[in-house]
Amino acid sequence: MDFSKLPSKAQILYVQAFMLIVAKALVSSSKFDSVLKHELAGYPAGFTLRLMVMNGPSLMLKVEDDNTLSDISSHNIKPDLDMKMKHISHAFLLFTMQESTVDSFVSNRILVDGDVSKSVRFIRVMDRLESLILPKIIA
């Protein structure tokens, strides 16, 4: 099915819902997955990061002392790392699994405000999440 033909309002609603799912899944999986914990150990405690669509939905996470994540999306603070998808259609491609996180990143569809090495680490975190929550054939 060609999802790109969906009206932008439907795409926005889908991306909003999927960002909620991603935030909850990252928080949950950071509590038990050793690979995620290892990646998160590369961030200092209290480090905040935001993944957002420019002029659209976003999620914000904080790295805790025990290398887990907490969802702080309701907080209005400047994150240490801000990753912005340029357009809702780019986020839609990513969240409908038509494009991997790595492909979005290297295709310059995600702008980074902050330490680029920390953004690459977050891309690895997102890839790990995909491998945890998606069927093996898709991930």
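Me: Buried means under 20% relative accessible area, exposed means over 50%, and partly exposed sits in between (1.4 Å probe, protein chains only). So to speak of H3: which of its residues are buried?

Reply: Heads-up: this model is predicted, so local features need pLDDT of at least 70 and side-chain atom pairs pLDDT 80 or more, while totals for chains, interfaces and linings use all residues. Residues are numbered from 1 along each chain as its sequence is written, and side-chain values use heavy atoms, leaving out hydrogens and water. Helices (H or I, at least four residues) and strands (E, at least two) are DSSP runs numbered from the N terminus. H3 is mostly covered, with six of its eight residues buried: Ile 88, His 90, Ala 91, Phe 92, Leu 94 and Phe 95.

Me: What do those buried residues of H3 pack against?

Reply: Contact here means heavy atoms within 4.5 Å. The partners of H3's buried residues are H1, strand E1 (48-53), strand E4 (81-85), helix H4 (101-106) and helix H5 (116-133).

Me: At roughly what angle do the axes of H1 and H3 cross?

Reply: Axes are lines fitted to C-alpha atoms, for helices over the stretch in contact, with angles from 0 to 180 degrees between N-to-C directions. The axes of H1 (residues 8-29) and H3 (residues 88-95) come within 10 Å and cross at roughly 50°.

Me: Is Ser 30 buried or exposed?

Reply: Ser 30 lies in the loop between H1 and helix H2 (34-40). Beyond neighbours within four places in sequence, its contacts include Leu 36, Asn 67 and Leu 69. Because its relative accessibility is 1%, Ser 30 counts as buried.
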